[in-house]
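Me: Could you walk me through this one, a question at a time?
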Amino acid sequence: MSPSQGDLTRNRGFLLVAASIVVSLILVGAYLAAGGSSYTPEKIQDPCKPRPWSNPQSLSEIANQFTVSALDGAACKLGVSREALTRALATPEARERFKKKYGIDDAKLAQAIRAGLVRAIDDAEEAGALSPLIAAPLRETVQRIPLSQAIEFINDAESFLGNVNSFLGPAQNLLEEFLP
Amino acid sequence: MAALALAVGVVLADSSIVVLALPDIYRELNTSVSGVTWVLVSFNLVMALAAVPAALIARRVGPGRAAAVGLAVFAGAGLACGLADSLSTLIVARCIQALGGAAAVTAALELLPATVGSEQRATTIWAAAGATGAALGPALGGILTELVSWQSIFLLQVPVALAAAVPILAVAKHEAATGIVSTELRRTGRPHIWANLALAMVSAAIAAALFLLVLLLIEGWRLSPIEAALVVTAMPLAAVLGGRLAALVSDARPRAAAGAILVSGGLAGLAFLPKATIALTIPPQILVGIGLALVLSALTETALGGRAPQAIHGGWTISARHAGVVIGLLLLTPIFTHEIDQQRHDAINAGTAVILDSPVNPLLKLGLAEKVSERLEEEKGKVPTIGPAFEPLPDDPGERAEVKQLQGELQDQLDRGATHAFSTSFILAALLGLIALFPIALSKEVEL
């Protein structure tokens with residue numbers, strides 16, 4: 001091989017390696033710039049942190065926020081995620097698996113769900129979705145209900161709040177008339 | 001020559017041909033991801049262990065006889081693989097297939113120089129046939145799995161291997177009649193340590209690229225085997241381009257280095273996919289394809305260059321390549337199975353959060369959360385298909401639109417989880433490719 005041929009071979013080899021580095025860096029850089037390092041499932045929020053209500057208007061919207069607040073409150077009390085608790089409450093079998101996994105008994109679960117319902121009532125009151133005159137007796141009531149009923153209140157918050165409205169609404173009107 | 005190239009191609013394709021069939025084997029034989037990995041690992045492990053002894057035997061009994069018997073064993077074991085009804089039977093048959101394959105491939109390298117006229121040309125043809133087989137394997141396997149069944153991959157190998165064996169039988173008969181073993185028994189030189197070490201590392205990275213990408217496409221993004229086969233065809237097509245590029249640079253060391261860098265760059269690209277979209281897998285695959293063509297041929301030529309006997313040193317390269325595949329699979333499988341589980345958990349939590357935070361009627365969304373929860377139980381250990389959880393869709397058009405949007409958002413979370421689950425493994429595979437640069441740098445002596 002003559003010296004000039006040797007140089008040509010060396011140059012081609014050098015160019016090939018340099019081009020490989022450049023192309024690889026461009027590809028990886030482009031993918032990172034397009035969000036490649038953050039293409040992951042979204043992080044779930046700590047249930048103990050407050051989750052602001054987004055000005056609900058209809059009963060359905062209030063029930064929606066109420067459910068989320070109740071689940072947040074109960075999950076915070078149990079030290080689990082709101083999402084794990086939601087799936088646990090879906091079926092009796094899921095609930096049993098959840099209790100076994102986290103070493104929770106019925107009493108502790110009931111206590112947590114009641115605490116969650118209290119937080120939901122607090123949040124609803126703070127957002128102006130529930131009158132203080134209704135919130136106070138409601139808070140007292142949910143702290144005495146059995147586990148199955150507490151779960152039902154979370155699962156069907158709309159009926160729960162609808163019933164509350166139909167039962168306590170007239171009472172509130174009466175109270176508002178007599179109170180200064 | 002065609003029969004010998006076919007023999008090498010069909011045996012080395014077997015190293016990767018089942019990659020796209022693994023999800024079907026996984027489901028049909030009711031095994032785990034780690035279990036099904038052994039369908040690949042067993043073949044490559046036995047090839048790695050048997051290649052050099054098989055080359056020695058081929059030189060003792062005659063390469064013609066070794067190749068013919070090897071192909072017959074390969075075909076018989078392929079039939080057993082196709083008829084296997086349990087994972088253990090399949091793995092045992094794969095081991096026997098690898099024994100036959102090792103004999104056939106190494107003996108072919110001993111027979112080729114007499115057929116094509118020179119050792120240099122024989123090496124090039126042998127390396128090209130092996131690279132073509134390995135690169136085309138996954139696509140062929142995917143097409144057969146979808147159009148027929150995973151068993152057909154092995155059953156089809158039977159006539160192909162026998163067809164390759166028929167012309168070689170003439171050489172075997174000649175050896176038996178004359179008692180002449182065509183190769184002189186020269187003293188075996190030391191194998192090229194650095195080239196073989198680099199070959200092992202690069203093979204680990206390439207195996208990971210194929211295996212992980214196929215799993216991502218089929219199990220993560222729920223593509224059918226034939227769709228996945230079409231997608232991964234980008235790699236062998238790019239390898240053809242890489243082969244042409246290799247012809248422009250005669251020095252093996254820069255070719256090997258450039259190839260290793262491109263393989264690593266492509267793998268890093270796959271690790272940082274910004275979206276679960278097929279199109280985005282193509283540029284990284286092109287890099288891996290060009291890279292594998294450059295690096296495999298350069299390192300094989302370096303390992304064989306000026307060394308004799310060819311069959312033994314060819315055996316060492318086969319051994320290094322398949323050992324690399326085994327190391328890659330055994331190193332990365334536990335990592336990505338753990339990651340899949342973790343990401344699945346994160347994706348489900350994120351998906352449940354999406355459901356809870358949606359404006360859908362509370363009763364409806366808690367019902368959806370329940371159904372999604374049931375799907376998770378049914379598909380434990382896999383990336384779940386959540387479509388059925390959303391059926392039947394509500395009658396109300398407004399609610400229907402909300403539920404459909406919710407389904408899309410939940411699917412997005414699952415796609416994110418499935419894609420991210422492979423990131424760590426792709427990064428580690430890319431690192432293996434980069435580490436190969438050290439032995440490549442140390443293989444100063446390019447003996448062509």
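Me: Which element of chain A has the lowest mean pLDDT, and which the highest?
Reply: This is a predicted model, in which local features need pLDDT of at least 70, side-chain atom pairs count only at pLDDT 80 or more, and totals for chains, interfaces and linings use all residues. Residues are numbered from 1 along each chain as its sequence is written, while chains are lettered from A and ligands numbered from 1 in the order in which they are written. pLDDT is the predictor's confidence in each residue, from 0 to 100. The lowest mean, 57, belongs to helix H8 (residues 157-178) of chain A, and the highest, 87, to helix H5 (residues 106-126) of chain A.

Me: What is the mean pLDDT of chain A as a whole?
Reply: Where pLDDT is low, the predicted coordinates should not be read in detail. In chain A, 79% of the residues reach 70 or more, and the mean is 79.

Me: How many helices and strands does chain A have?
Reply: Helices (H or I, at least four residues) and strands (E, at least two) are DSSP runs, numbered from the N terminus. From that end, chain A reads α-α-α-α-α-α-α-α. The tally is eight helices and zero strands.

Me: Which residues of helix H6 (residues 132-142) of chain A are buried?
Reply: Take buried as 20 or more other C-beta atoms within 10 Å of a residue's own, exposed as 12 or fewer, and partly exposed as in between, with C-beta atoms placed from the backbone. On the other side of H6(A), A:Pro132 and A:Glu140 are exposed. The buried ones are A:Ile134, A:Leu138 and A:Val142.

Me: Why do the buried residues of H6(A) line one face of the helix?
Reply: An α-helix has 3.6 residues a turn, so residues three or four places apart point the same way. The arc here is that of the directions from the helix axis to the C-beta atoms. Seen down the axis of H6(A), the buried residues line one face because they fall within an arc of 55 degrees.

Me: Which helix of chain B gives the largest share of the side that touches chain A?
Reply: Counting two residues as in contact if their C-beta atoms, placed from the backbone, lie within 7 Å, 42 residues of chain B are in contact with 40 residues of chain A. Helices H11 (252-271), H12 (282-304), H13 (310-357), H14 (362-378) and H15 (397-421) of chain B each supply at least two residues of that side of chain B. The largest share, ten residues, comes from H11(B).
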